[in-house]
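Let us walk through this structure together, one place at a time. Have the sequence and the 3D view ready as you read.

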Amino acid sequence: MKTVLYTGTTPPQEPTPGLHVVHAPALVRQALPFPTPTVEDLLQTPSHLLFYSQFAAELFLDHAAHCLLDVHHFWAVGARTGALLEDHTGIGAHVPGDQSFQGLLRALEERATPAPLISFSLQGILRDFSPLAAQWGVAFHDIPIYESAPAPPEALRDAFDELMPRWVAITSARGVDSLVDALGTEHLQTCHLAAIGPSTAARCDELGLPAQVVCETPDRRRLLDLIAAHHEDPT
């Protein structure tokens with residue numbers, strides 16, 4: 001059984017055989033002031049509403065559910081995010097099989113009819129649908145409604161010291177920085193690192209912490225599966 005410190009902002013949705021996974025987020029999420037008048041105005045037009053996390057969906061429902069029209073189309077990266085939206089609105093959510101920006105973009109291109117695109121996003125992370133919007137002849141609005149900040153260093157240190165993990169799973173380049181600030185490179189050199197994608201792996205390399213496992217495209221489930229499948233020489 002491999003021990004894994006999983007540092008993504010949300011815990012894995014289901015267990016992975018062969019792994020003992022403990023969740024200790026490297027980044028914490030904080031709500032931004034919600035632009036209610038702007039969103040209320042935009043929601044007067046039937047649109048595709050795009051969500052990438054349960055946290056974004058919860059913030060949206062807290063502030064804007066009162067002005068929803070049943071002609072909107074929900075799109076969610078993640079089955080739980082889709083279920084949350086549907087449960088609270090009664091509007092079925094589209095959940096692409098490929099849980100990534102590219103997967104969502106392909107699903108919209110293949111299955112959606114042209115309508116304005118409104119993305120409720122993490123500040124500083126632009127998932128750019130403007131080329132598709134231009135192709136459709138509609139508007140694209142990116143609305144940051146939350147931000148991420150480094151987790152308290154003592155929480156990460158306590159989790160690491162208690163678990164003494166064989167693996168640390170990292171899901172963003174900023175998460176790498178937060179871990180290094182909290183633990184130092186010496187601690188992280190005692191275990192294997194798994195990176196959610198090439199940009200996260202590149203940040204690990206810059207800090208002298210090469211990842212043993214790297215997802216070709218960001219996929220949290222795939223990241224844990226790769227750790228489980230990785231062959232380790234006995235030590």
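Start at Cys191, which touches Phe160, Pro165, Arg166, Trp167, Val168 and Gln212, leaving aside residues up to four places away in sequence; here a contact means heavy atoms within 4.5 Å. This is a predicted model, in which local features need pLDDT of at least 70 and side-chain atom pairs count only at pLDDT 80 or more, while totals for chains, interfaces and linings use all residues. Residues are numbered from 1 along each chain as its sequence is written, and side-chain values use heavy atoms, with hydrogens and water left out.

Cys191 sits in the loop between α7 and β10 (192-195). Helices (H or I, at least four residues) and strands (E, at least two) are DSSP runs, numbered from the N terminus. With a relative accessible area of 8%, Cys191 is buried; the term means under 20% relative accessible area, with exposed over 50% and partly exposed in between (1.4 Å probe, protein chains only). From Cys191 to Gly8 is 183 residues in sequence and 17 Å in space, C-alpha to C-alpha.

Next comes Thr7, in the loop between β1 (2-6) and β2 (19-23). Thr7 counts as buried because its relative accessibility is 3%. A polar atom of the Thr7 side chain lies 2.6 Å from the backbone oxygen of Ala169. Among the residues that Thr7 touches, not counting those up to four places away in sequence, are Pro25, Val168, Ile170 and Leu179.

Now look for the nonpolar cores. A nonpolar core is a set of buried Ala, Val, Leu, Ile, Met, Phe, Trp, Tyr and Cys residues joined through side-chain atoms within 4.5 Å. The largest has 27 residues, and Leu43, Leu49, Phe51, Phe60, Phe74 and Phe120 have the most contacts inside it. Its largest share, seven residues, comes from α2. Phe74 touches Leu49, Phe51 and Phe60, among others. Apart from this core lies another, of 23 residues, including Leu156, Ala159, Leu183 and Cys204.

Finally, how much space lies in the largest pocket? About 1,500 Å³, a volume being the space filled by probe spheres set on grid points joined across faces, edges and corners. On a 1 Å grid over the protein atoms alone, a pocket is an open set of points where a 1.4 Å probe fits, with protein on both sides within 12 Å along at least five of seven lines; lining residues have an atom within 4 Å of a point. Of the 46 lining residues, Tyr52, Arg127, Thr171, Pro218 and Arg220 are the closest to the centre of the largest pocket.

Key:
A polar contact is a pair of N or O atoms within 3.5 Å; within protein, one must be able to donate a hydrogen and the other to accept it, and residues adjacent in sequence count only if both atoms are side-chain atoms.
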